[in-house]
Amino acid sequence: MRYPYIQDIKPQGQKGDGGNDGYVPGELVLQCYAPENINAKTTIAKIQTNFERAKNSNWNFKEWHFVVNDDFKGIFPEISQAIDKLNAQNQQIEIKLIDTKMLLNQVLNISNTDKHKVYNLLYYEYDVVNFNNLDALFKAVDFIVQNTKLRKFDANDAYMNFALEKFNTNVQEKIKINIKNADFIKLFGTCIGKSHEIIEEYKNKIDNFEETGRIIKEKFMFFREKYDAEESLKKTIDYFCDNNCKIDQNSRLALWIVIAYFFDICDIGDKYECNGK
C-alpha cells in the first residue's frame with residue numbers, strides 16, 4: 001500500500017523484464033524471488049545479476065527492493081551481507097532485502113481497511129474455501145488455550161463495567177455483530193462458512209473446544225469495553241493470530257476459522273438486536 005501506483009513490467013523476448021518486476025518511476029524497482037528452497041549462493045547470484053540488469057536498463061529509481069519468499073524460515077547471513085556490500089558500492093541507491101516476515105509486518109501495520117483488502121487479494125478467500133487441515137485446526141484450539149494461559153489473561157476482567165452487552169458463554173450461541181467494512185465482511189463471512197462446514201463435524205473430537213469458545217468470547221467482550229463490535233472482533237483476531245509472526249499460513253487460517261465459529265454477522269433486519277452491537 002506504500003506504492004499504490006506500482007507498474008507491473010511485462011517481459012519482452014530476450015530483453016526480459018530488465019531486472020524489474022514492479023516499477024514506480026523515479027522511486028522504485030522491485031525484484032521478486034520465490035524458489036522452492038533458498039540457497040545462499042544461488043540467491044546472491046540472483047541479487048547481483050538482477051541489480052546490474054536494473055541499473056543498465058535505463059530505469060529511473062532511487063530504491064531497489066529484492067523481495068524473497070523464505071516461507072518465514074529466515075535469511076542466510078551471507079545473503080544479508082551481499083546486500084550490505086551492494087549498498088556500500090551503490091550509495092546513490094537504497095537497496096533493501098525484504099523477506100516474508102518483513103512483508104507480513106508491513107501488512108499488519110497498515111490500516112485495517114487496507115489490511116483485509118490485502119488478505120483477500122493474497123490467498124484467504126481461496127484458501128479458506130479449500131481448507132481441510134484438521135491437524136492445524138486441532139493445534140489452533142490448543143494454541144488459543146495455551147496462549148491465554150501464558151499471557152495470564154484474567155477472564156474476570158471481561159465482565160468489569162460491562163452491563164450493556166448481552167453475553168452468553170455457551171459456545172453454541174453465536175455473538176452476532178455488525179460489520180461495515182466490505183473487505184472484512186467478505187473475508188470473515190467466508191471463515192464463518194468454512195467453520196460451520198468443518199467444525200460442526202469434528203468439534204466433539206476437539207479437546208478444550210468448550211474452553212476455547214469461552215476464551216474467545218471473553219476476549220471479544222474485553223475489547224468491547226473500549227471499541228465497537230467490528231473493531232473488537234478485529235482486535236480479538238489480532239490478539240490470537242496476526243501478532244504472532246512465527247505461525248505458518250495453515251495455522252493462521254485455522255485460527256481465523258476457529259474464531260469465526262463463535263460469531264455470526266447481523267442481517268439488515270436484526271441490525272439493532274445483535275448482541276455484539
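Biologist: Which residue in S2 is the bridge partner of glutamine 7?

Modeller: The partner of glutamine 7 is tyrosine 23 in S2. This is a predicted model, in which local features need pLDDT of at least 70 and side-chain atom pairs count only at pLDDT 80 or more, while totals for chains, interfaces and linings use all residues. Residues are numbered from 1 along each chain as its sequence is written, and side-chain values use heavy atoms, with hydrogens and water left out. Strands (E, at least two residues) and helices (H or I, at least four) are DSSP runs numbered from the N terminus.

Biologist: How many bridges join S1 to S2, and in what sense do they run?

Modeller: Two strands are said to pair if DSSP finds at least two bridges between them. S1 and S2 are joined by two bridges and run antiparallel. Strand S2 (residues 22–24) also pairs with S3, in the antiparallel sense, over three bridges. There, valine 24 has leucine 28 of S3 as its bridge partner. S2 and S3 form a hairpin with three residues between them, and glycine 26 in the turn has a positive phi of about 80°.

Biologist: Which way do S3 and S4 run, parallel or antiparallel?

Modeller: S3 and S4 run parallel and are joined by six bridges. Within this pairing, glutamine 31 stands opposite phenylalanine 66 of S4.

Biologist: In what order do the five strands stand in the open sheet?

Modeller: The order is S1-S2-S3-S4-S5, with mixed pairing. Strand S1 (7–8) and S5 each have a single partner strand at the edges, so one side of each is left without a neighbour in the sheet. As for S3 (residues 28–33), five of its six residues are buried, so this strand is largely enclosed by the rest of the structure. Buried means under 20% relative accessible area, exposed over 50%, and partly exposed in between (1.4 Å probe, protein chains only).

Biologist: How many salt bridges does the structure hold?

Modeller: Side chains of opposite charge can pair when their charged atoms come close. The criterion is a side-chain nitrogen of Lys or Arg within 4 Å of a carboxyl oxygen of Asp or Glu. The structure holds nine such salt bridges. One of them joins lysine 96 to glutamate 63, with the closest N and O atoms 4.0 Å apart. This pair links distant parts of the chain, since lysine 96 lies in strand S5 (residues 94–98) and glutamate 63 in strand S4 (residues 63–68), 33 residues apart. Lysine 96 is partly exposed at 26%, whereas glutamate 63 is buried at 13%. Lysine 96 also meets glutamate 94 in a salt bridge (3.6 Å, N to O).

Biologist: Where do glutamate 211 and arginine 214 lie?

Modeller: An α-helix has 3.6 residues a turn, so residues three or four places apart point the same way. Glutamate 211 and arginine 214 meet in a salt bridge (3.7 Å, N to O). Both lie in helix H8, three residues apart, about one turn of the helix. Glutamate 211 is partly exposed at 26%, and arginine 214 is partly exposed at 29%. Elsewhere, salt bridges that share partners join Glu63, Glu94 and Lys96 into one network.

Biologist: Why is H8 described as largely enclosed?

Modeller: Twelve of the 16 residues of H8 are buried, so the helix is largely enclosed by the rest of the structure. The buried residues include Phe209, Ile216 and Phe220. H8 (residues 209–224) reaches 23 Å from its first C-alpha to its last, close to the 22 Å expected, which is 1.5 Å times one less than its number of residues.

Biologist: Which residues have the most contacts inside the largest nonpolar core?

Modeller: In soluble globular proteins, nonpolar side chains tend to be buried together. A nonpolar core is a set of buried Ala, Val, Leu, Ile, Met, Phe, Trp, Tyr and Cys residues joined through side-chain atoms within 4.5 Å. The largest has 43 residues, and Phe188, Leu233 and Phe263 have the most contacts inside it. Elements giving two or more residues to this core include helix H7 (182–202), H8 and helix H10 (249–260). H10 provides the largest share, eight residues. Apart from this core lies another of 21 residues, among them Ile9, Ile47, Ala54 and Ala82.
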